[in-house]
Amino acid sequence: MKGSDRMGHMPAAGTWQACPQCGEHHHRLEWAPWQICPSCGYYQRLTAQQRLTQLVDQGTFQPLPDLAMTAATTGFPDYAAKLATAQTKTGLAEAIVVGQAAIDQQVCVIGIMDSHFMMGSLNQVVGQKICQLFEVGSQRQLPVVLVTASGGARMQEGLAALTQMSLTLAAKSAFDAQGGFSINVLTDPTMGGVTASFALQADILLAEPAATIGFAGRRVIEQTDQVQLPADFQSAEQLLTRGMLDAVVPRAQLKAQLAQLLRLGGKSA
Ligand SMILES: [Zn+2]
């Protein structure tokens, strides 16, 4: 169902799930409702649908109009097949879902990236949907909430993907010039061209605990520079101590925190 904002499904998972961090097996009811490991506190990466369920008031999400837009074709081998597989696996048209919704009755436009779709990578469609988010925010005079989860620019789209870094920033600047209010929630992982463009550009920057946020990955830096990086390198907590984030917010408190910020900074609907 290409080109739609159909909601994603939970990736195939059994009743019992092993924690990627500590290896303990827990029943899905133990992971619920926040998808946090009961043994070690590890945060599972959420699908866009799970994130929506956790953050927005039930029944309030209305997808933004579809864009007449397809992924850029660069002749990258097997790209079309990979896209089709990602669409089938996630039930999403692309790696982001955009719409208008209410968060504890605070109306906003919201974009949620999904790392289960080709690692949430930024391509032509994702970039244009982020631009749409800011354009609609301006038109409807609503604040923008953007939840990032991405490995960076999508290499299969080459320059078309990299161009989205500047296009999204231009859309954000236009939104700012009209007095728009925005909040980004950085989740694991937020990397590469996404970090280097729109992810760290918002009035308020929140992150989930232990989220990896950075540009180049740890292994790339360690191998290139022949250095040993500290354990907390590129973690949300480290970025907070460097003044690059406003707060690290536990998942269970995120909705209430967003609603409070929207009440303070957003225009009431
Ligand atoms: Zn665990």
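Me: Is Ser 235 buried or exposed?
Reply: In this predicted model, Ser 235 counts as buried because its relative accessibility is 11%, below the 20% limit for that class.

Me: Where does Ser 235 lie, and what is 2.8 Å from its side chain?
Reply: Ser 235 is in the loop between helix H7 (218-225) and helix H8 (236-241). A polar atom of its side chain lies 2.8 Å from the backbone oxygen of Asp 232.

Me: Turning to the metal, which residues coordinate the zinc ion?
Reply: The donors are the SG atoms of Cys 19, Cys 22, Cys 37 and Cys 40, at 2.2 to 2.4 Å. Their spacing in sequence is C-x2-C-x14-C-x2-C.

Me: What does the pair Cys 22 and Cys 37 tie together?
Reply: Cys 22 lies in the loop between strand S1 (16-18) and strand S2 (25-27), and Cys 37 in the loop between helix H1 (28-31) and helix H2 (48-55), so the pair links parts 15 residues apart in sequence. Cys 22 counts as partly exposed at 32% relative accessibility, whereas Cys 37 counts as buried at 3%.

Me: Why is the arrangement around the zinc ion tetrahedral?
Reply: The four donor atoms subtend angles of 107 to 114 degrees, which makes it tetrahedral.

Me: And the open sheet, what is its strand order?
Reply: The seven strands run S3-S4-S5-S6-S7-S8-S9, with mixed pairing. Strand S3 (62-63) and strand S9 (247-248) are at the edges with a single partner strand each, so one side of each has no neighbour in the sheet.

Me: How do S8 and S9 pair?
Reply: Strand S8 (residues 204-207) pairs with S9 in the parallel sense, over two bridges. Ala 207 stands opposite Val 248 in S9.

Terms used: Residues numbered from 1 in each chain as written. Predicted model: local features only at pLDDT ≥ 70, side-chain atom pairs only at ≥ 80, totals over all residues. Heavy atoms only, no water. Helix = DSSP H or I, 4+ residues; strand = E, 2+ residues; numbered from the N terminus. Buried < 20%, exposed > 50% of the residue type's maximum accessible area, 1.4 Å probe, protein only. Polar contact = N/O pair within 3.5 Å; in protein donor to acceptor, adjacent residues only side chain to side chain. Donors = N, O, S within 2.8 Å, 3.2 Å for Na, K, Ca; no water. Tetrahedral: all angles 85-135°; square planar, octahedral: opposite > 155°, others 65-115°. Pairing = 2+ DSSP bridges.
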